[in-house]
Amino acid sequence: MAVRNRLIARSVEDVWAVLADATLYGDWVVGTSESRPAEGEWPRVGSSITYTVRLGWWSASGRTVVRRCEAPGVLELEADSGRLGTARIAVEIRPWGENALVIIDEHPLRGPAGSLHNPVADALIQLRHRSMLARLADVVEKAATHTREPVRQRSGSPR
């Protein structure tokens, strides 16, 4: 099982705002070049997004479905990568002082990825998670800064 965490210097609500925007997944999920809403209202249970993975000239599409959503702290997803199988991806966001502790737990469920799951695969997932959490932190910090600046300007308070 591959579990990794990262402290993000923003609020739980700021992190949740990024997770709740289906169009931003391509910005922080490693390997995903783009994402778009598919069915339902993201991130309600049963809603889904489609995504594209590109490696050079090769590309593949997949679908991710929300299996559990308890805003703003828990989002559990099932990513379907076609012939490779499916994976459970659980994201938990905990308050940590004024910051957010983000915990990602991922493991294969079905298909060849599930059958071939081993410690080496977990090590590779850990590397992916390290990069993914860093990218998530960047997206959250940029989004939070962007949405806060106009509020400060309107209120007349100094930057």
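Student: In this predicted model, which residue is the bridge partner of Thr-50 in S4?

Tutor: Arg-63 of S4 is the bridge partner of Thr-50.

Student: What makes strand S3 and strand S4 a pair?

Tutor: Two strands pair if at least two bridges are found between them. S3 (residues 48-55) and S4 (residues 58-70) have 8 bridges, so the two strands count as paired. Their sense is antiparallel.

Student: Where do the strands stand in the sheet, and why are S1 and S2 at the edges?

Tutor: The order of the 7 strands is S1-S7-S6-S5-S4-S3-S2, in an open sheet with antiparallel pairing. S1 (2-8) and S2 (32-39) each have a single partner strand, so one side of each lacks a neighbour in the sheet. On average, neighbouring strands are turned by 25° against each other, direction ignored.

Student: Which strands does helix H1 lie across?

Tutor: H1 (residues 12-19) lies across S1, S4, S5 (74-80), S6 (86-96) and S7 (99-110). The helix runs at about 155° to S6.

Student: How many residues of H1 are buried?

Tutor: Of its 8 residues, 6 are buried, and H1 is mostly covered. The buried residues are Val-12, Asp-14, Val-15, Trp-16, Val-18 and Leu-19.

Student: Why is Trp-58 called partly exposed?

Tutor: The relative accessible area of Trp-58 is 39%. Buried means under 20% and exposed means over 50%, so Trp-58, with 39%, is partly exposed. This residue is in strand S4.

Student: Which residues make the nonpolar surface patch?

Tutor: Leu-55, Trp-57 and Trp-58 make this patch of about 460 Å².

Methods. Residues numbered from 1 in each chain as written. Predicted model: local features only at pLDDT ≥ 70, side-chain atom pairs only at ≥ 80, totals over all residues. Heavy atoms only, no water. Helix = DSSP H or I, 4+ residues; strand = E, 2+ residues; numbered from the N terminus. Axes fitted to C-alpha atoms, helices over the stretch in contact; angles between N-to-C directions. Contact = heavy atoms within 4.5 Å. Buried < 20%, exposed > 50% of the residue type's maximum accessible area, 1.4 Å probe, protein only. Patch = residues over 30% accessible without salt bridge, like charges linked within 9 Å, V, L, I, M, F, W, Y side chains within 5 Å. Areas by Shrake-Rupley, 256 points an atom, 1.4 Å probe, with all protein chains shown as cover. Salt bridge = Lys/Arg side-chain N within 4 Å of Asp/Glu carboxyl O.
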